Amino acid sequence: MRDFLLIALYAFLGAAAAGLLGWLVLRLTRRRSVAVSLTVVPAVTVTAMLAGTLAVCWAMFLSSHDLSVVTTVVAMAAAVSLATAVLLGRQVVRRSRELALAAREFGDGGMFRPPPGPAPAELAALSRELAATSARLAASRERERALEASRRELVAWISHDLRTPLAGLRAMSEALEDGVVKDPARYHRLIRTEVDRLNSMVSDLFELSRIHAGALALSPSRVSVYDLVGDALAGADPLAREHGVRLVGDRVDAVPVEVDGKEMTRVLANLLVNAIRHTPSDGTVAVTAERRDEDGTVVLSVTDGCGGIPDDDLPRVFDTGWRGTEARTPPSGTGTAAAGAGLGLAIVRGIVEAHAGHAHVRNVEGGCRFEVTLPAAAMGA
């Protein structure tokens, strides 16, 4: 037993010395290639085994022949281990370089394409994460390009929409100033109308800027969808009568929601005004509201008779400044500022998303349906 403990002690001391030396080498080469580390590790292992064996052999006073035999066996094992480590290190380094080149292309604005061929689990996981990050960045760049294009279009449209009434106001004020107007009261009424349109446009721009800045302050309270729809229909009824459009709201469930009543009334008003102005005379605009128990939401929908929206334009309906084709552009002098500047539906989406909901539009027979989905309030509250 004593001899066995001495052998273990000598083997440990020899291996420990080799391990300490290997640790120092790894620390000195920690900034070098991973291939160096992969080579050092088996070298340390073999050296530790050799050192322990030599220490035991020296303590046991083995013959030189036996010592050379043991040394030869360990040397062969070291050669095989080092060759394997070098091959593995070169493979890992090659794969890492391929991954670095792919990441460099991805960083220059392209898409990340994982290098072909098998790879270690860690590098494969890194490739998957880079691919997922590349997809997210590509989507973000696409959204940024779309937003920038929307902003440019909005600036152009707002400039046009502001220039037109301002030119009219200037012409009417000069005519009044020169005294060449036969009916000043009519000109005063027209000036007041144009000023109201400009004020409405500025208010919409301010509201949209608050939404985009995340500064829209909500005061949610428990209200019934039935009351929200009733107030919106009452407010839109004069405009509907003027355009000869029927408003229908007989499929509205009295379900509760936690929303800001003022902002949601604005959402419904914008949708109704948009639907009325794009529905021909003698057409119908229908409002419905129902609770979906499967996902605990309330869906409010406004269906018009506009004839439908081209499929290519459906994804852009709620974009800032988008006004669609000429067929969906209100005639001059009849559209609100929100409709003329393309801000009404963008405001709708912003307010709905601020309530943790989402807005959607789809084509139906004879027109299109705008749907607003909101979280339903607890029925027992």
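Buried means under 20% relative accessible area, exposed over 50%, and partly exposed in between, with a 1.4 Å probe and protein chains only as cover. This is a predicted model, in which local features need pLDDT of at least 70, side-chain atom pairs count only at pLDDT 80 or more, and totals for chains, interfaces and linings use all residues. Residues are numbered from 1 along each chain as its sequence is written, and side-chain values use heavy atoms, with hydrogens and water left out.

**View 1. D253, E290, E294 and D295 form a negative surface patch.** D295 is partly exposed, at 45% relative accessibility. D295 sits in the loop between β4 (284–292) and β5 (297–303). Patches take residues with over 30% relative accessible area and no salt bridge; like charges are joined within 9 Å, and nonpolar side chains (Val, Leu, Ile, Met, Phe, Trp, Tyr) within 5 Å. Asp and Glu count as negative, Lys and Arg as positive, while His and the chain ends are not counted. Each charge is placed at NZ of Lys, CZ of Arg, CG of Asp or CD of Glu. Accessible areas come from the Shrake-Rupley method with a 1.4 Å probe; for residues, only the protein chains shown count as cover.

**View 2. L20, W23 and L24 make a nonpolar surface patch of about 320 Å².** L20 belongs to helix α1 (residues 2–28). Helices (H or I, at least four residues) and strands (E, at least two) are DSSP runs, numbered from the N terminus.

**View 3. β4 pairs with both β2 and β5.** Strand β2 (residues 246–252) runs parallel to β4 over 5 bridges. Two strands pair if DSSP finds at least two bridges between them. V248 stands opposite A286 in β4. The pairing of β4 with β5 is antiparallel, over 7 bridges. There, A289 has L300 in β5 as its bridge partner. The β4 and β5 hairpin has 4 residues between its strands, and G296 in the turn has a positive phi of about 65°.

**View 4. Strand β7 (residues 367–375) is mostly covered.** Of its 9 residues, 7 are buried. β5 and β7 run antiparallel, joined by 7 bridges. T303 has R369 in β7 as its bridge partner. Strand β6 (residues 358–364) also pairs with β7, in the antiparallel sense, over 7 bridges. V361 stands opposite F370 in β7. In the hairpin of β6 and β7, with 2 residues between the strands, G366 takes a positive phi near 85°.

**View 5. Helix α9 (residues 344–354) is largely enclosed by the rest of the structure, because 8 of its 11 residues are buried.** Among the buried residues of α9 are L345, I347, V348, I351 and V352. A356 follows α9 and has a positive phi, near 65°.

View 6. A salt bridge is a side-chain nitrogen of Lys or Arg within 4 Å of a carboxyl oxygen of Asp or Glu. By this rule the count is 8. E142 is partly exposed, at 44% relative accessible area. D237 is partly exposed, at 27%, whereas R241 is exposed, at 65%. Salt bridges with shared partners also join E207, R210 and R266 into one network.
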